[in-house]
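The sequence and model are shown first.

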Amino acid sequence: MKNTATEPTQRLNVDLPKSQHFALKSYALHHDTTVSQLVRDSVRNIVEYDLWFKDKVTTALADQRPAVASDDWNAIRAKKLAQRDALQHKP
């Protein structure tokens, strides 16, 4: 996978115990990639998740709908859990 970043990159040096390094290297070899690519992908995923999560929180805080009362929420949740249990135990 080519790096298509348009902004300059920086080197990230990480000290790992040998056992973790070899585990990462083994995983990378098994998935036909490099440890560096695994780290880049992981950091990218963390940043994307953080942006997604912040967007969800911002959207929730801006929501003008009235809050659901605790008793109502517990009733809704109990109903959903009962439906899930019924599907799991269906013959």
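This is a predicted model: local features need pLDDT of at least 70, side-chain atom pairs count only at pLDDT 80 or more; totals for chains, interfaces and linings use all residues.

1. Residues are numbered from 1 along each chain as its sequence is written, and side-chain values use heavy atoms, with hydrogens and water left out.

2. Helix α1 has 13 residues and reaches 18 Å from its first C-alpha to its last, close to the 18 Å expected at 1.5 Å a residue (the expected span is 1.5 Å times one less than the number of residues). Helices are DSSP runs of H or I, at least four residues, numbered from the N terminus. After α1 comes D32, with a positive phi near 55°.

3. Three salt bridges are present in the structure (a side-chain nitrogen of Lys or Arg within 4 Å of a carboxyl oxygen of Asp or Glu). R44 pairs with D41 at 3.0 Å, N to O; these residues lie three apart in helix α2, about one helical turn. D50 pairs with K54 at 3.2 Å, N to O, and here the separation in helix α2 is four residues, again about one helical turn.

4. The side chains of R65 and D63 also form a salt bridge, at 2.6 Å, N to O. R65 is exposed at 67% relative accessibility, whereas D63 is partly exposed at 32% (buried is under 20%, exposed over 50%, partly exposed in between, with a 1.4 Å probe and protein chains only).

5. V14 lies in the segment before α1 (18-30) and is exposed, with a relative accessible area of 53%.

Notes: Helices (H or I, at least four residues) and strands (E, at least two) are DSSP runs, numbered from the N terminus.
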